[in-house]
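Please look over the model first, then read on.

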Amino acid sequence: VHAYGLGPPAGIEESVRVHGNDERISVAGVRQFVEFVYHAVTRVAAVQPMASTDKD
Amino acid sequence: MMGRHGNIAAVIFVALMLGGPVGGADSIDGADGSLSLPNWIEAGDEAVGNLADMIKIDTSSGNETKVARYIKAIFDKEGIESEILELQPGRGNLVARLRGNGTKRPVLLMGHTDVVGVEREMWSVEPFAGVVKDGYLYGRGALDNKDNVAVYLEVFLLLHRLQVPLDRDVIFLAQAGEEGASSVGMGFMVAQHWDKVDCEFALDEGGSISLRDGRVFYVGVSTMEKVPRGMRLVAEGTSGHGSIPLADNAITHLAAATCTWRARLRPRSAGRH
């Protein structure tokens with residue numbers, strides 16, 4: 001199984017708190033991450049609209 | 001299959017670049033075959049709320065089943081079938097599936113619900129309260145890894161509510177025991193419930209999105225994990241009682257070797273593992 005790791009917007013200021021003190025995440029980042037993952041999943045899992053066959 | 005790796009990574013990256021602005025509803029009729037888009041504000045509110053609620057459930061000593069029950073209650077309300085699977089009492093994994101048409105093999109959305117412990121006296125806020133302060137949600141698990149659980153949960157709910165037609169199943173897994181006890185989590189699922197998580201590829205934790213001036217600078221997608229590397233160091237020196245350390249004790253040489261290795265570590269920077 002191919003596995004890909006995704007995560008929300010996070011800078012070094014957030015990363016160093018993981019497993020440490022005052023772990024936190026940007027609220028705006030959660031929102032952006034939802035949108036990002038939704039688009040990613042629908043691109044690979046949703047039935048895609050048929051491409052137009054018009055030649056003009 | 002490197003080609004497939006590249007293709008999916010590219011899709012993920014392009015998806016972000018093409019994503020609509022964070023804001024109100026982007027409802028599309030769907031008559032032309034295009035997908036209806038969520039109300040991003042409502043979706044974000046719900047994801048943040050679920051993340052805060054899950055942080056409030058202390059899973060630093062197991063108890064992942066409590067989070068699994070929290071999620072299952074949401075699924076039950078939505079009419080989504082799910083089940084909680086335990087190898088040990090209290091260490092539950094929750095799995096659910098949205099059915100596609102079977103054209104392609106499933107994609108698995110997975111995150112872990114256990115967290116490491118805290119030194120409560122070192123925190124400026126209560127670590128299991130889900131405190132929001134200055135635009136940040138604080139708490140153990142906020143970034144490792146209840147954030148992925150909450151966001152994958154939200155996306156799963158959106159796909160269900162919008163009745164997005166799928167050409168592959170989408171599986172949601174909230175796993176237990178990632179922090180050092182994977183035998184009750186992913187190990188258990190692979191060994192005893194592989195049919196419930198078998199997939200073409202999985203989206204898990206590990207990457208991050210880098211912003212500059214509020215805009216996406218790059219999207220980091222991890223394709224591998226660091227693994228422990230044991231090392232055997234042998235030193236020789238004068239033996240003696242530990243209460244009377246000597247300059248040439250073997251342990252002194254080992255300590256010096258460790259410090260030398262540490263001094264040669266390069267500083268962290270973007271793109272370096």
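## Salt bridges

A salt bridge is a side-chain nitrogen of Lys or Arg within 4 Å of a carboxyl oxygen of Asp or Glu. By that rule, the whole structure holds 16 salt bridges over all chains. The model is predicted: local features need pLDDT of at least 70, side-chain atom pairs count only at pLDDT 80 or more, and totals for chains, interfaces and linings use all residues. Residues are numbered from 1 along each chain as its sequence is written, chains are lettered from A and ligands numbered from 1 in the order in which they are written, and side-chain values use heavy atoms, with hydrogens and water left out.

Between chain A and chain B the count is 2 salt bridges. Arg31(A) pairs with Asp45(B) through their side chains, at 2.3 Å, N to O. Glu23(A) and Arg140(B) also meet in a salt bridge, at 2.8 Å, N to O. Glu23(A) sits in the loop between helix 1 and strand 2 of chain A, and Arg140(B) in the loop between strand 5 and helix 4 of chain B, so the pair joins two chains. Helices (H or I, at least four residues) and strands (E, at least two) are DSSP runs, numbered from the N terminus.

## The interface of chains A and B

The size of an interface is often given as the accessible area lost when the parts come together. Here about 5,600 Å² is buried between chain A and chain B, and carbon and sulfur atoms give 66% of that area. Buried area is the accessible area (1.4 Å probe) that two parts lose on being put together, summed over both. Tyr4(A), Glu23(A) and Tyr38(A) supply 15% of the area that chain A buries against chain B, more than any other three residues.

The contact (heavy atoms within 4.5 Å) takes 43 residues from chain A and 83 from chain B. On the side of chain A that touches chain B, there are 24 nonpolar, 11 polar and 8 charged residues. Ala, Val, Leu, Ile, Met, Phe, Trp, Tyr, Cys and Pro count as nonpolar, Asp, Glu, Lys and Arg as charged, and the others, Gly among them, as polar.

## Two helices of chain B

Helix 3 (residues 64–78) and helix 4 (residues 146–161) of chain B pack at about 10 degrees, with their axes 11 Å apart. That makes the two helices of chain B roughly parallel (angles under 35 degrees). Axes are lines fitted to C-alpha atoms, for helices over the stretch in contact, and angles run from 0 to 180 degrees between N-to-C directions. Their contact residues divide into 8 nonpolar, 1 polar and 3 charged.

## Backbone exceptions

Most residues other than glycine have a negative phi, and most peptide bonds are trans. Asn63(B) has a positive phi, near 65 degrees. A cis peptide bond joins Asp144(B) and Asn145(B), with omega about 10 degrees.

Conventions: Angles under 35 degrees count as roughly parallel, over 145 as roughly antiparallel, 65 to 115 as roughly perpendicular and the rest as oblique.
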